[in-house]
Amino acid sequence: MPIPMPPTPAPYIAPDLHPIVALPTAQLNYVRDRNGRITDRGLAHGLWVGSEGAPLELRFHRREDGSIWGEQATYVDGDRAEGAARASAAAHTEPLSRRLIGGMGIAANFVRYTVIDSSGAEIRQWSTPLCGTFGSVRLDRANSPDEPTYPSTWEGCERDFEGVYVLGRLTGLDRGWAMQLPARVATFKPPRPGKHYQLRVELDPLDGIADSNPANDSVTIPLTVTSVVMTAERDDDCKFCEPPGGIPIDPVTGIPVRPNAAAARSHVGHAAPASGTTEPEWYLDKLRVVEAGLEQRRAVREAGPAPREGEPAPAAPANVDLPDLQAAPSYGIHTDTITRRRQVRDLLRFGALTWNAGPGPLEVEAFRESGTTLAAYQVFSRDGKRADRQARGTLVWHDAPGHNHFHFNAFAGYTLTKLDGTKVRDGGKHSWCIVDTDQVDTTRPGTNTGNRFGAAGGCGSDSGSLWARLSLSVGSGDYYGPDIAGQSFDITTVPNGVYHVRVEANPTDVIAEANFDNNVSVRTVTLGGTRGHRTVVARAHKLINDEALDDFDDCKNC
């Protein structure tokens, strides 16, 4: 049953969504093994959805209880401001029906496919969601922007990979741009090959999205069905093959159902070493120094032009867009045991993410100073353009396993404390290579657009680099996983009990920010067990629950 969106009031303009046909015929392809089991299925249709007159903009938000709600935004005369200017752009919003919410950034029931046989009977029907706007292309339109203004997403339609840190997701398609329609095929008995079929494609069949011209939302094209038999036996351990009967897909929303992967989460993060220990002997020796609290003070002293301990930070330039760094609660907390010089050492491992809530990006440029250090400068923007810079901190070469690049000193601090705040252990890592790895809230004004994820500018490819650039876009975060060197406390001699894992962004205020009051996050953990067999239970924090990690290890269809 349709769930029509209320009419868009003037002078706001809704997009004109319509399918674009690039190929004369669609193909529904099936691959089977010698036992007749389907190992792959796909729909090659050459169909795109275009947005004319105004952009399609859907905003998704997560409540503290984990539930997701969405809204559609329209703009005056269909003109959407870009970047930070969108903060002042007046937008009209209407809530999306719950039937259109398929997950964070996922609009369910966006496309409905119907297979029609030669008699005109509808023999198969399924729906697929809109899952981000990765891979959009520009049409030949005078009023279309030269570059996409909506952030790219890469997770696809997998609800299991929303990310524990994701708070908001912006899904959009610029006016005068198009993206290829999803080609996911629901699990059903395939139509017989060699027959004549038609494929009807309907955009937004529930009428839940504001559309200025819904009359052109449907198109019908010829469809052929093919079935190919593999000559080799099916590999029972094939990671890319479907299980017998296919991967179950919700025929209404088109979203895959993976009951064994409810806890799976995806982070690009920074790579852990491919093999060998992640905590070499030299690093464990360093931890002994860290336990005395010396590493934190040394990081401050080595910060060069940045404020030293007891000195106030220089005032940021006036009228610039400052970043707002926030530390997310640690995740992936677990214990690990290593043997060093025939001595058992117990580690408490944890992941950490620092993200930028805006309104301005964090940009740091660094230039060769002396030895293995680079003098760092924070670059400030005003209305999306560079406006000023200040000397703030130092980059040092970090050659721990999985790193081998420059890090910004004193970017974050880790502390294991008692419940009364008494320090028990300092973390061994206070410097980061700052880079976008996770989209946290792309609904923020000035959010990162395009596919810029990765070390934009690089953290310095080798110790002899003359220049390095580090950045953290608005709405994006930098994640270090628990298996990377430095993401641990040595708890060998720490008694069992209840503690806090404290993560602090920008602990020395070396970076100019819009708000310094939201830089600390805390997770409560209970340590138990005996030496060599330590255990930990991390108390759930809102959306973050480490107990679900046990299920991920057994996920066979992730």
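Where is the place of Pro11 in relation to strand 1? Pro11 belongs to the segment before strand 1, which spans 12-13. The model described here is a predicted one. Its protein has 558 residues, of which 54% are buried, and its secondary structure comprises three helices and 32 strands.

**Overall features**

- Among contacts between residues at least 6 apart in sequence, 73% join residues at least 24 apart.
- The accessible surface of the protein is about 24200 Å². Carbon and sulfur atoms account for 50% of that surface.

**Confidence of the prediction**

- The protein has a mean pLDDT of 76, and 73% of its residues reach 70 or more.
- Residues 274-311 have a pLDDT that stays under 50.
- Where pLDDT is low, the predicted coordinates should not be read in detail.

- Strand 28 consists of residues 476-480, and five of its five residues are buried.
- Ser476, Asp478 and Tyr480 point one way from strand 28, while Gly477 and Tyr479 point the other way.
- Strand 19, made up of residues 343-356, runs antiparallel to strand 28 and is joined to it by four bridges. In strand 28, Asp478 has Thr354 standing opposite.
- Strand 26, which covers residues 438-439, also pairs with strand 28 in the antiparallel sense, over two bridges. Here Asp438 stands opposite Gly477.

**Asp478 in detail**

- Is Asp478 buried or exposed? Asp478 has a relative accessible area of 0%, so it counts as buried.
- The side chain of Asp478 reaches the backbone nitrogen of Val435 at a distance of 3.3 Å.

**Aromatic pairs**

- How many aromatic pairs does the structure hold? There are five aromatic pairs in the structure.
- One of these pairs is formed by Phe350 and Tyr414, in an edge-to-face arrangement. The distance is 4.9 Å centre to centre, with 90° between the planes.
- This pair links distant parts of the chain, as Phe350 and Tyr414 are 64 residues apart. Phe350 lies in strand 19, whereas Tyr414 lies in strand 24, which spans residues 412-417.
- Both Phe350 and Tyr414 are buried.
- Together with Phe489, Phe350 and Tyr414 form one aromatic cluster.

- Four strands form an open sheet with antiparallel pairing, in the order 2-5-14-12.
- The edges of this sheet are strand 2 (16-21) and strand 12 (137-138), each of which pairs on one side only.
- Within the sheet, strand 5 (residues 47-52) and strand 14 (residues 177-180) run antiparallel and are joined by four bridges. Gly50 stands opposite Ala178 of strand 14.

**Backbone exceptions**

- Most residues other than glycine have a negative phi, and most peptide bonds are trans.
- The peptide bond from Ala10 to Pro11 is cis, with omega near 5°.
- A cis peptide bond also leads from Gly358 to Pro359, with omega near 15°. Pro359 is placed in the loop between strand 19 and strand 20, the latter spanning 362-370.
- Asp207 has a positive phi, near 55°, and is a residue other than glycine. Asp207 lies in the loop between strand 15 (197-203) and strand 16 (218-229).
- Ala410 is not a glycine either, yet its phi is positive, at about 55°. Ala410 is found in the loop between strand 23 (405-408) and strand 24.

Notes: Residues are numbered from 1 along each chain as its sequence is written. This is a predicted model: local features need pLDDT of at least 70, side-chain atom pairs count only at pLDDT 80 or more; totals for chains, interfaces and linings use all residues. Side-chain values use heavy atoms; hydrogens and water are left out. Buried means under 20% relative accessible area, exposed over 50%, partly exposed in between (1.4 Å probe, protein chains only). Contact means heavy atoms within 4.5 Å. Accessible areas come from the Shrake-Rupley method with a 1.4 Å probe; for residues, only the protein chains shown count as cover. A polar contact is a pair of N or O atoms within 3.5 Å; within protein, one must be able to donate a hydrogen and the other to accept it, and residues adjacent in sequence count only if both atoms are side-chain atoms. pLDDT is the predictor's confidence in each residue, from 0 to 100. Two strands pair if DSSP finds at least two bridges between them. Rings of Phe, Tyr and Trp (its six-membered ring) pair if their centres lie within 6.5 Å; planes under 30 degrees apart count as stacked, over 60 as edge-to-face and the rest as tilted.
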